[in-house]
Amino acid sequence: MSKEINQRLDWVPNARLGALPTVSSEHHRYGMRHFAVGVTIITAGHGAARAGLTATAVCSVTADPPRLVVFVNKNVAASQRVLDSGALCVNVLAGDQEEVAKVFAGMLQDVHGPARFEHGLWNEIATGAPALDGALANFDCRVIKVFDESTHHAFLCEVLATRERNDGEALIYLNGSFHRVAQ
């Protein structure tokens, strides 16, 4: 694996636009509430330690090679587990998995840390990261690059294994709540 930074160093930002102020964090968050996104649980394991979080900041980068980018807040335990293990699993949730989404989002009181994995059925595919049974899709990945992006790490991942099901509704997040969408 190359350790080069593949950033376009010959590209220069537009100076006029660079002088303009950004919107406030509050306005940004409000606008993003209207962006319907699929719900995932990002999981990682290192030794006996497992961690996970509900996330919507996941994006396909390329199909050839198969790559995803996953953004994880630096302050959650899962971020350190991904760094330690060099692997993660993106579990794309089905409509009937809202409860497990809430568990990993910290929305259910008194369910923290390893106790989260008592919700849902978990196994492993290739990397050792926990994979949720019954998810619409699982993307088991190795991390190939880590970018430091303000409050988050951006993990560039190569997909080593997938698993999917061809039925069920998708779980999305829109305007502060979960919704089911038929396929």
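I'll start with Ala-51, which sits in strand β3, residues 49-55. Bear in mind that this is a predicted model. Ala-51 has a relative accessibility of 8%, so it counts as buried, the cut-off being under 20%. What does Ala-51 touch, once its neighbours within four places in sequence are left aside? The list is Ile-42, Thr-43, Ala-44, Ala-77, Ala-78, Arg-81 and Phe-117. Glu-26, on the other hand, is 25 residues from Ala-51 in sequence, and the two C-alpha atoms are 29 Å apart in space.

Strand β3 comes up again in the next item, the largest pocket. β3 is one of the elements that each supply at least two residues of its lining; the others are α2, residues 25-32, along with β5 and β11. Which of them gives the most? That is α2, with four residues. The pocket holds about 1,200 Å³ of space. Its lining is made up of 30 residues, and those nearest the centre are Arg-29, Met-32, Thr-56, Ala-57 and His-152. By type, the lining residues divide into 15 nonpolar, eleven polar and four charged. As for how one finds such a space, rolling a probe the size of a water molecule over the atoms shows where empty space is left.

Now the backbone. There is a cis peptide bond between Asp-64 and Pro-65, with omega at about 5 degrees. Pro-65 is in the loop that runs between β4, residues 58-63, and β5, residues 66-73.

Pro-65 also turns up among the contacts of Glu-158. Glu-158 is in strand β10. Is Glu-158 buried or exposed? Its relative accessibility is 15%, so it counts as buried. Its side chain makes a polar contact of 2.9 Å with the side chain of Arg-142. Apart from neighbours within four places in sequence, Glu-158 is in contact with Pro-65, Pro-66 and Arg-67, and also with Asp-140, Cys-141, Arg-142 and Ile-144.

Ser-150 is not a glycine, yet its phi is positive, at about 60 degrees. Ser-150 lies in the loop between β9, residues 137-149, and β10, residues 152-164. With a relative accessible area of 63%, Ser-150 is exposed. Asn-175 also has a positive phi without being a glycine, with a value near 55 degrees. Its place is the loop between β11, residues 170-174, and β12, residues 177-181. Asn-175 has a relative accessible area of 40%, so it is partly exposed.

Last, the cysteines. Then take Cys-89. Cys-89 itself is buried, with a relative accessible area of 0%. Cys-141, as I said, is among the contacts of Glu-158.

Technical notes:
Residues are numbered from 1 along each chain as its sequence is written. This is a predicted model: local features need pLDDT of at least 70, side-chain atom pairs count only at pLDDT 80 or more; totals for chains, interfaces and linings use all residues. Side-chain values use heavy atoms; hydrogens and water are left out. Buried means under 20% relative accessible area, exposed over 50%, partly exposed in between (1.4 Å probe, protein chains only). Contact means heavy atoms within 4.5 Å. On a 1 Å grid over the protein atoms alone, a cavity is a set of points where a 1.4 Å probe fits but cannot get out, and a pocket is an open set with protein on both sides within 12 Å along at least five of seven lines; lining residues have an atom within 4 Å of a point. Grid points are joined across faces, edges and corners, and a volume is the space filled by probe spheres set on the points. Ala, Val, Leu, Ile, Met, Phe, Trp, Tyr, Cys and Pro count as nonpolar, Asp, Glu, Lys and Arg as charged, and the others, Gly among them, as polar. A polar contact is a pair of N or O atoms within 3.5 Å; within protein, one must be able to donate a hydrogen and the other to accept it, and residues adjacent in sequence count only if both atoms are side-chain atoms.
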